[in-house]
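Please open the model in your viewer and keep the selection panel at hand. The stops below say what to select next and what is there.

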Amino acid sequence: MLLRESGEHYGETYTLDGVTGDGDGGVPHGRQLLDFAQAAIGGTEIQLRRAREALIAAVGEEGFVDAAGVVASFNAVVRIADATGIPVENFKLERTVEERAALGIDDWH
Amino acid sequence: MSGEKLSDLAPFAIRADLDRAYERAWKHLASPGTWWDGAHRLAMVRACREAPDCALCRERAASLSPFAVEGVHDSTSGLPDNIVEVVHRIRTDSGRLTESWFRRAIDGGLSETEYVEIVGVVSVATALDTLAKALGIPPRPLPEPLPGSPSRHRPANARRTLAWVATLEPEDVADDHPNPYGDKTPDLVANIHRGMSVVPAEVAAFFELDDVIYLPQFALKDFANEYRAIDHAQMELVAARVSLINRCRY
């Protein structure tokens, strides 16, 4: 939802192709960011090292550190949501119908 | 607790606020909590670290249903099996947790508040270790537990109306426990903040860290300003990918 809202602000159309596949979402350096996120969560040490180097080359060391923080945040906060059984707010469900369908989220539960 | 600062370990510049948040979060893990002492909390961190290599967890992750696979977890934490089960499942397969699984954890001897504090410890430990791994630095050696006893205070106004566990509405926060929502106005309190609010100190600790590694609440939709070296869209793209990997419905 925030990805779409930031696109609306910037006057850009960001897509979910990078999130689900091989695209870059239309976001600057999106491919390097996505490869890094993937490698940090489920990649081998070699994949992560390569993704780290590619991301630093693309966004610099400060941007890389900030991307690492986002990976850490979202790898953790999901556990609070899942383990306490909190529901998704209705307004979020209503505003993310298309995204949830595209990502297959509604099929998980 | 010194000598393990991120800035000492990383071969690149680390923001000062990130350095402080990392230290503060580790101190939180080693300190007596609301329902567990520091030694138990650090044992949970150890179990959390062992979970990805646990044979039972791997077998369950590969199974169509995790409930179809019985066995004993690999753990050197010294924690009872029921606590290791909770820690490992939250760490390795949180997307397939169910309310009936949660009820079995409670029926197995954990109080609701003890359970929620475990969720808090696992979440903070996961964030810290994921950050270190992503940055390419080794996981921090476990510190010594800090002395002291749990405070054992449950907010009287917490009720089970929203989630599997009791939660505390912003208007029900009282003076006899920490405010889990800090300076957030009620309209900025989301369900994710309410999740652990029956143990207010865990909410505060997690989101103090999260405000620094990700963004503070006020900045999430402030698209006119950028607060990090990558912009909002770049951050949200990363967030979306990690959430999808974790099958996060939230």
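**First stop: a loop of chain B**

Select B:R152, which is found in the loop between helix 7 (112-135) and helix 8 (191-194) of chain B; helices here are DSSP runs of H or I with at least four residues, strands are runs of E with at least two, and both are numbered from the N terminus. Phi of B:R152 is near 55°, a positive value in a residue other than glycine. Most residues other than glycine have a negative phi. B:R152 counts as exposed, with 11 C-beta neighbours inside 10 Å; a residue is exposed if 12 or fewer other C-beta atoms lie within 10 Å of its own, buried if 20 or more do, and partly exposed in between, with C-beta atoms placed from the backbone.

This is a predicted model, in which local features need pLDDT of at least 70 and side-chain atom pairs count only at pLDDT 80 or more, while totals for chains, interfaces and linings use all residues. Residues are numbered from 1 along each chain as its sequence is written, and chains are lettered from A and ligands numbered from 1 in the order in which they are written.

Move to A:H29, found in the loop between helix 2 and helix 3 of chain A. Its phi is near 60°, again a positive value in a residue other than glycine.

Now colour by secondary structure and show chain B, which has ten helices and zero strands. Of its 250 residues, 46% count as buried, and the C-alpha trace spans about 50 × 45 × 40 Å along its principal axes. The radius of gyration of chain B is 18 Å, which agrees with the value near 18 Å for a compact globule of 250 residues; this radius is taken over C-alpha atoms, and the globule rule is 2.2 Å times the number of residues to the power 0.38.

Chain B is divided into domain 1 (14-146 + 159-213) and domain 2 (218-250), with bounds that come from an automatic or database domain assignment. The C-alpha centres of these two domains of chain B lie 22 Å apart.

Chain A has six helices and zero strands, and 43% of its 109 residues count as buried. Among contacts between residues at least 6 apart in sequence, 30% in chain A join residues at least 24 apart, whereas the corresponding figure in chain B is 67%; two residues are in contact if their C-beta atoms, placed from the backbone, lie within 7 Å.

**Where the chains meet**

Show both chains and select the contact between them, which takes 57 residues from chain A and 62 residues from chain B. On the chain A side, helix 1 (2-10), helix 2 (17-20), helix 3 (30-42) and helix 4 (45-84) each supply at least two residues, and helix 4 gives the most, with 26 residues. By class, this side of chain A has 32 nonpolar, 17 polar and eight charged residues; Ala, Val, Leu, Ile, Met, Phe, Trp, Tyr, Cys and Pro count as nonpolar, Asp, Glu, Lys and Arg as charged, and the others, Gly among them, as polar.

Select helix 5 (residues 81-93) of chain B, whose 13 residues reach 17 Å from first C-alpha to last, close to the 18 Å expected at 1.5 Å a residue; the expected span is 1.5 Å times one less than the number of residues. Because ten of the 13 residues are buried, helix 5 of chain B is largely enclosed by the rest of the structure. Its buried residues, including B:V87 and B:H88, pack against helix 4 of chain A together with helix 3 (38-50), helix 4 (55-62), helix 6 (99-107) and helix 7 of chain B.

Next select helix 9 (residues 200-213) of chain B, which has 14 residues and reaches 20 Å, close to the 20 Å expected. Twelve of the 14 residues are buried, so helix 9 of chain B is also largely enclosed by the rest of the structure. Its buried residues, among them B:F206 and B:F207, pack against helix 4 of chain A together with helix 2 (16-30), helix 7 and helix 8 of chain B.

**Last stop: the nonpolar core**

Which residues have the most contacts inside the largest nonpolar core? Select A:A67, A:V71, B:V87, B:V124 and B:V238, in a core of 97 residues; such a core is a set of buried Ala, Val, Leu, Ile, Met, Phe, Trp, Tyr and Cys residues joined through C-beta atoms within 7 Å. Helix 4 of chain A gives the most to this core, with 18 residues, and the core draws at least three residues from each of domain 1 and domain 2 of chain B. Finish on B:V238, which touches A:L33, A:A37, A:A67, A:V70 and A:V71, not counting residues up to four places away in sequence.
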